[in-house]
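Below are some questions and answers for a first reading of a protein model. Keep the sequence and the structure in view while going through them.

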Amino acid sequence: MPFGNTHNNFKLNYKVEEEFPDLSKHNNHMAKALTKEIYGKLRDKQTPSGYTLDDVIQTGVDNPGHPFIMTVGCVAGDEESYEVFKDLLDPIISDRHGGYKSTDKHKTDLNFENLKGGDDLDPNYVLSSRVRTGRSIKGYTLPPHNSRGERRAIEKLAVEALTSLDGEFKGKYYPLKSMTDAEQEQLISDHFLFDKPVSPLLTCAGMARDWPDARGIWHNDSKTFLVWVNEEDHLRVISMQKGGNMREVFRRFCVGLQKIEEIFKKHNHGFMWNEHLGYILTCPSNLGTGLRGGVHVKLPKLSTHAKFEEILTRLRLQKRGTGGVDTASVGGVFDISNADRLGSSEVDQVQLVVDGVKLMVEMEKKLEKGEAIDSMIPAQK
Amino acid sequence: MSGSFRRLISSRSTAVLLASLGAGTMATGVLLNENSSLAAEAKKKLYPPSSDYPDLRKHNNCMASALTPAVYAKLRDKVTPNNWTLDQCIQTGVDNPGHPFIKTVGCVAGDEESYEVFAELFDPVIKDRHNGYDPRTMKHPTDLDASKITHGIFDENYVLSSRVRTGRSIRGLSLPPACSRAERREVERVAVTALAGLKGDLAGHYYSLGDMTEKEQQQLIDDHFLFDKPVSPLLTCAFMARDWPDARGIWHNNDKTFLIWINEEDHTRVISMEKGGNMKRVFERFCSGLKQVEHLIQERGWEFMWNERLGYILTCPSNLGTGLRAGVHVRLPKLSKDPRFSKILNNLRLQKRGTGGVDTAATGDTFDISNLDRLGKSEVELVQLVVNGVNYLIECEKKLEKGQDIQVPPPLTQFKK
């Protein structure tokens with residue numbers, strides 16, 4: 001919370017055992033990593049902006065999780081959280097990101113020309129293509145922690161940057177609190193509008209405070225490049241279009257991001273980034289590239305094949321329903337995207353999506369003809 | 001060490017001393033370490049109060065009415081001795097704009113001292129909510145002598161059940177919006193230890209929310225005793241559902257007529273209830289139980305939060321004073337359809353709710369009728385007011401049954417000034 005260190009020093013009058021949360025029924029990364037020793041070591045620390053260990057873990061304490069789905073269970077309140085609380089966050093990052101070590105370096109590559117292919121995914125199967133990431137603006141605390149004043153300053157800076165874009169990126173900002181009914185209807189039809197978070201994973205982390213103050217959506221006139229301001233991250237940047245031309249989507253993504261970053265740098269507020277963790281975002285699961293590149297693809301036969309899950313795992317991909325995270329698939333159409341975020345570059349991750357989806361569409365076609373696909377099953381990437 | 005520290009801060013005089021020391025930015029400097037106090041100071045310069053002032057233009061709650069930019073500027077950088085801030089008090093009111101017809105309170109206290117440190121906000125809120133009661137000039141009467149109640153047995157052809165509830169906070173421990181896990185567990189310990197000392201018709205058992213069996217849970221649901229994790233955003237935005245269900249539970253006596261909720265919206269909610277219309281006996285058990293519990297905690301060096309300006313201190317300003325809601329479930333098929341029903345209730349200083357409690361609809365013709373007021377009148381006064389009022393409503397119902405006309409009673413006076 002943006003309210004100083006929230007009662008933290010007062011809690012230090014109690015012993016560790018008295019304050020330690022009851023995590024006996026919990027299944028999330030935080031519950032797995034947080035021992036009494038670590039709690040004892042970190043509980044009297046705070047970041048320069050006053051974020052504390054209890055702030056970091058509150059969402060994980062309040063949301064025990066699900067036996068089958070391992071949520072992260074903690075958030076950062078600012079850039080420094082990942083340093084000050086590294087004794088807790090490093091093991092979580094390692095667990096969530098395939099064994100990533102605290103000494104590893106993350107590669108950033110936003111040069112879309114390094115992507116091979118990606119412009120020829122069969123539009124009879126691939127209905128739409130999309131790449132999203134998040135960006136945090138240096139010098140401000142993150143959504144779980146920021147004050148109204150900070151959030152408004154972020155919005156102001158973001159709007160200044162975005163409205164200065166031109167050409168294919170010329171567009172308009174729609175603040176959530178003053179959009180008209182007509183604008184709202186249109187944004188819903190375009191599948192652009194984000195609403196006040198209802199997920200307790202987000203609300204328990206303080207991210208819905210002061211809604212809808214300083215929240216809004218910017219998009220370009222052609223509706224192919226979209227930025228969410230002050231939802232779960234300072235900025236969420238999305239490039240999307242119908243059909244299977246992922247290459248074009250990625251090109252626009254990279255170019256747009258770089259243009260925006262230049263403008264922020266000019267204002268002495270570049271993006272939060274370091275060579276160990278890549279782009280710094282609110283949730284540890286989005287560190288690195290913060291990138292989710294995906295398609296909506298028709299795979300009615302392949303999705304019911306016994307080896308579907310294994311194929312996805314080997315391709316380093318994940319499936320979601322067409323409503324996004326935690327939704328079910330409709331009519332055999334799946335959202336297929338990269339599973340990794342940290343330890344591989346943007347180009348690497350989009351390449352996996354492009355190659356993987358191409359292969360799966362070929363498998364689908366084979367299954368349609370009644371042929372077997374066993375010989376096509378790939379090795380672990 | 002912590003035991004004696006708690007004893008120290010729990011005494012009333014020390015709490016006042018700490019409040020006078022802590023009420024201001026000096027406390028921030030003292031409590032935070034060097035590094036962060038510099039950053040906090042820099043941040044305050046970069047973000048003046050005007051940049052943080054919430055947008056309350058679409059809001060309809062007591063906080064939004066009272067929080068001018070000037071008041072916000074004055075109070076934003078203050079902290080209570082527990083480091084609780086104005087922004088934390090008002091967060092729930094910022095996040096919940098309210099309804100044009102229903103004016104919610106829109107702010108909560110994090111500790112006893114909140115009402116002092118942020119008096120410039122809380123005093124007008126209290127005045128607004130409690131019919132002009134001025135905490136600066138008025139005193140609140142406390143009276144738990146149930147023998148004073150007259151005519152307290154209702155006609156059971158109409159009254160199905162009778163209930164009195166209040167809340168009590170344990171002095172020296174932060175309130176549910178602010179408390180740490182250790183503090184919350186301490187509240188549970190203090191309360192459960194005291195309740196274990198009750199005997200006779202008050203002897204009972206504690207059911208911790210986290211540890212209860214399925215069978216116990218079902219029984220408590222059937223008895224209409226079980227409270228669940230708050231879903232109302234009024235409560236969740238005020239941080240009251242944190243760490244659920246840690247240190248939450250329900251205690252009730254074996255007769256199932258006296259019940260305590262631990263660590264829901266207040267440290268304790270105390271409820272006396274029975275089927276039927278014997279409000280007098282319900283109130284007698286209420287007063288007797290409360291006094292015994294108070295005695296039991298005092299034996300161990302604890303006391304309830306209370307002062308003569310505000311009476312019993314609870315989380316929500318709407319529950320200050322007595323914190324008392326005395327009510328019945330009563331069938332009023334004819335009266336409830338009469339267009340004068342609302343006016344009658346209003347003049348009697350009563351409110352209707354559905355039989356599921358606040359913000360529910362009535363089922364059939366049965367209503368929950370209870371006192372509107374909490375502060376400025378004593379417990380005895382409020383219960384007598386409900387007794388008189390419900391008796392009047394039943395008389396009206398009987399008249400309408402016979403085809404006779406009824407009268408709207410003159411409005412009751414507010415508290416004595």
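Q: Which residues is A:E79 in contact with, leaving aside its neighbours within four places in sequence?
A: Contact means heavy atoms within 4.5 Å. With neighbours within four places in sequence left aside, the residues in contact with A:E79 are A:K138, A:M272, A:W273 and A:I280.

Q: What kind of model is this, and how are its residues and chains labelled?
A: Residues are numbered from 1 along each chain as its sequence is written, while chains are lettered from A and ligands numbered from 1 in the order in which they are written. Side-chain values use heavy atoms, with hydrogens and water left out, and local features need pLDDT of at least 70, side-chain atom pairs count only at pLDDT 80 or more, and totals for chains, interfaces and linings use all residues, since the model is predicted.

Q: Is A:E79 buried or exposed?
A: The place of A:E79 is in the loop between α5 and α6 (81-84) of chain A; helices (H or I, at least four residues) and strands (E, at least two) are DSSP runs, numbered from the N terminus. Buried means under 20% relative accessible area, exposed over 50%, and partly exposed in between (1.4 Å probe, protein chains only). With a relative accessible area of 19%, A:E79 is buried.

Q: How many Å apart in space are A:A161 and A:G321, C-alpha to C-alpha?
A: A:A161 lies in helix α8 (residues 148-163) of chain A and counts as buried at 1% relative accessibility. Not counting residues up to four places away in sequence, A:A161 touches A:I263 and A:F264. A:G321 is 160 residues from A:A161 in sequence, and the distance between their C-alpha atoms is 33 Å.

Q: Which strands of the 8-stranded open sheet in chain B stand at the edges?
A: Two strands pair if DSSP finds at least two bridges between them. The sheet has the order β2-β3-β4-β5-β1-β8-β10-β9 (chain B), with antiparallel pairing. Each edge strand has a single partner strand, so one side of each is left without a neighbour in the sheet; the edge strands are β2 (204-208) and β9 (350-353) of chain B.

Q: What is the bridge partner of B:Y206 in β3(B)?
A: Strands of a sheet pair through backbone hydrogen bonds, either parallel or antiparallel. β2(B) pairs with strand β3 (residues 249-253) of chain B in the antiparallel sense, over 5 bridges. Within β3(B), the bridge partner of B:Y206 is B:W251.

Q: At about what angle to β1(B) does helix α14 run?
A: Helix α14 (residues 279-299) of chain B lies across β1 (159-168), β4 (258-262), β5 (268-275) and β8 (325-331) of chain B. Axes are lines fitted to C-alpha atoms, for helices over the stretch in contact, and angles run from 0 to 180 degrees between N-to-C directions. Relative to β1(B), α14 runs at about 20°.

Q: What covers the buried residues of α14(B)?
A: The buried residues of α14(B) include B:M279, B:F283, B:L290 and B:I297. Among the elements that cover the buried residues are β1, α11 (181-195), β4, β5, β8 and α16 (379-401) of chain B.

Q: Which two residues, one in helix α11 of chain B and one in helix α5 of chain A, join two chains?
A: A salt bridge is a side-chain nitrogen of Lys or Arg within 4 Å of a carboxyl oxygen of Asp or Glu. One such pair has N to O at 2.7 Å. One partner lies in helix α11 of chain B and the other in helix α5 (residues 53-62) of chain A, so the pair joins two chains: B:R181 and A:D54.

Q: By about how much of a helix are A:E310 and A:R314 separated?
A: The side chains of A:E310 and A:R314 meet in a salt bridge (2.6 Å, N to O). A:E310 counts as partly exposed at 34% relative accessibility, and A:R314 counts as partly exposed at 26%. Being 4 residues apart in helix α12 (residues 308-315) of chain A, they are separated by about one helical turn.

Q: How many residues apart are B:E116 and B:R309?
A: B:E116 forms a salt bridge with B:R309, the closest N and O atoms being 2.6 Å apart. B:E116 is in helix α9 (residues 114-117) of chain B and B:R309 in the loop between β6 (306-307) and β7 (311-312) of chain B, so the pair links distant parts of the chain, 193 residues apart.
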